[in-house]
Amino acid sequence: MSAPAPSMFSPAARAAADRLGLTMGRANLEAFADTLVELARSDRRIMAVTSDSRGSGKLGSFGQALPEQIVEVGIAEQNLVGIAAGLAAVGKKPFATSPACFLAARALEQVKNDVCYSDVPAVLVGISAGVSYGALGSTHHSLHDFAALRAIHNITIVAPADNAETRAAVRLAAAASKPVYLRFGKAAMFDLPGGNESPFALGRARRLREGRDAAILATGETVVHALLAAEHLATQGIACRVESVHTVKPLDVEAVLAAGRDCGAVLTVEEHSVHGGLGEACAAVLLQAGVHVPFAIAGLPDADTVTGSQSDIFQHYGITMEGLANRITSLLAISR
Amino acid sequence: MSTATMTDRDLARKSIEYRRDAVRAIMHAGAGHTGGSLSCIDILNVLYNRVLRITPENWRDPVRDRYVQSKGHSVEALYVVLADKGFFPKESLDTLCRYRSPFIGHPTRKVPGIEMNTGGLGHGLPICVGMALAAKRDGHDVRVVTLLGDGELAEGSNWEGAMAAAHHRLDNLTAIVDHNSLQITGPTRDVCSNEPLDAKFAAFGWQVRRVDGHDLAALEQAIVHPGPAGVPVCVIADTVKGRGVSFMENVLKWHHGVPSVDEFSRAEAEFEQQLAAWEAGA
């Protein structure tokens, strides 16, 4: 591994990662920033719009390389999104970049009205999402962004799992004619398998592992833990399908239904409140299709979120290889 | 700047007709924001007939002037002006607020001539900052204008936009305040005063021009010239809510009061008198 594994990976998890041949990449945020500057060099419509967030958004080099394509608005997220909408309305391709906690709360009305309702092709980039800023407390956590944005019509919601998904998502967002929300954390991510075999398309989950005993539908930076849990369970003779559901909306309904129909249990995983995110979206799809399967949502409970590092918080709530494997085991016990 | 050939006298007639058509549309729809539409009609008249290069012919030209109505609830005024400019037939307004009509109670891009969907207050100015910035970065000679309500200025996002506009030296941006001094609860100064408004915008780095918002010549003079180099312009247009209908002027209930058939007849009679006076050359 090129970088030390974050502490959220136990020795057993690191061993599982080694068995899978996973190597550590960079933070998705860095892959985003590099891809954006690369695209913006040849597409002058692309603009980075920041709210005193170019440092945290890793856009410093973008600003140096392309000063005419970056707009700083100061610490003013409503203005950030309003300005981005105005830029998009007249032919620019803005990437409004701000911590997800502010972008999907403070600026929510601008997202709803100026971007989604007005239907302009702005890209909203929620950085340091989930509990990336774990020790800073709930002001800086974004455990509501999927829920808030899912209820707004006309926006694609994407949480890439690794650097390859990030690069692909940024390219597709730049080419999109509709609003897109991209969500990134700031920790280094393992490069996951299947990046080349399974083409990345918005709204299409990527199957990272085959199996029929159970399915794990995970999104964003939890996907690696789902994959490790599947590897761990394999040693107990339990074969798990793993899907990277990078696009939370529109949801890959076929992949969700296939998981429910093909597999003995379904577990969803997200770095988000258990309310209103990927899990409830999948539950609604399954129930309304009459697919009854042991089902659980792993995420952050509706409680005062513990603080600490992102690793501490993941471990506290069981968003780890061991924690997710236990959830699967429990689900399979129900089904027997 | 101006492509208009209309005389000042013809322009004055337009305001009377626009008011009559707006009140009629509201009566017919049974819904609308009468008072605020009447207060801003002279401003829209001057904008579309004297200042903005926005016509059905150049509507798809990316290098056109832009207008975003931040006080979206006064959409009836905008509809009658756009109909008069030929963006859609005047009869379209018979569908105002009807089931599935694109002519709803706030501006949307489904209607030809409308740039952005507005209605939530405090949104127009930041959007226009983005539009004006894009024109600056591209070196395009484009004017960007937004219309704000004075009550709306309590929304903090306006001041985020005001700060950014001056910082980014957007002399191609003009914000016009329809300063009718009344909002739904009462006089703006009693609800949450924004005075001294001139000084506030000036302190944010804007050039402030104060004008009688019903004096067409003065309005044109105040709006037609962009700001000095690097300075956005705020035109504070002192207006009367309900202007043009005696029993609606400065009366709170006409914020979103809808005239009955009888009230419309009385209003129409006043418009007829105004047109007769215009004919007589007054």
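Let's start with helix 4 of chain B. Of its 15 residues, 12 are buried, so the helix is largely enclosed by the rest of the structure. Buried means that 20 or more other C-beta atoms lie within 10 Å of a residue's own, with C-beta atoms placed from the backbone; exposed means 12 or fewer, and partly exposed is in between. Helices here are DSSP runs of H or I with at least four residues, strands are runs of E with at least two, and both are numbered from the N terminus.

A word on the source. This is a predicted model, where local features need pLDDT of at least 70, side-chain atom pairs count only at pLDDT 80 or more, and totals for chains, interfaces and linings use all residues. Residues are numbered from 1 along each chain as its sequence is written, while chains are lettered from A and ligands numbered from 1 in the order in which they are written.

Back to the helix. It covers residues 124-138 of chain B. From first C-alpha to last it reaches 21 Å, close to the 21 Å expected at 1.5 Å a residue. That expected span is 1.5 Å times one less than the number of residues. Among the buried residues are Gly124(B), Pro126(B), Cys128(B), Met131(B) and Ala135(B). After the helix comes Gly139(B), with a positive phi near 70 degrees.

Now, the partner chain. Contact means C-beta atoms, placed from the backbone, within 7 Å.

Buried residues make up 51% of its 282 residues. Its C-alpha trace spans about 50 × 45 × 45 Å along the principal axes. Take contacts in chain B with a separation of 6 or more: 77% of them join residues 24 or more positions apart.

Last stop, chain A. Leaving aside neighbours within four places in sequence, Leu324(A) is in contact with several residues, including Ile216(A), His225(A), Leu267(A) and Val269(A).

Technical notes. Contact = placed C-beta atoms within 7 Å.
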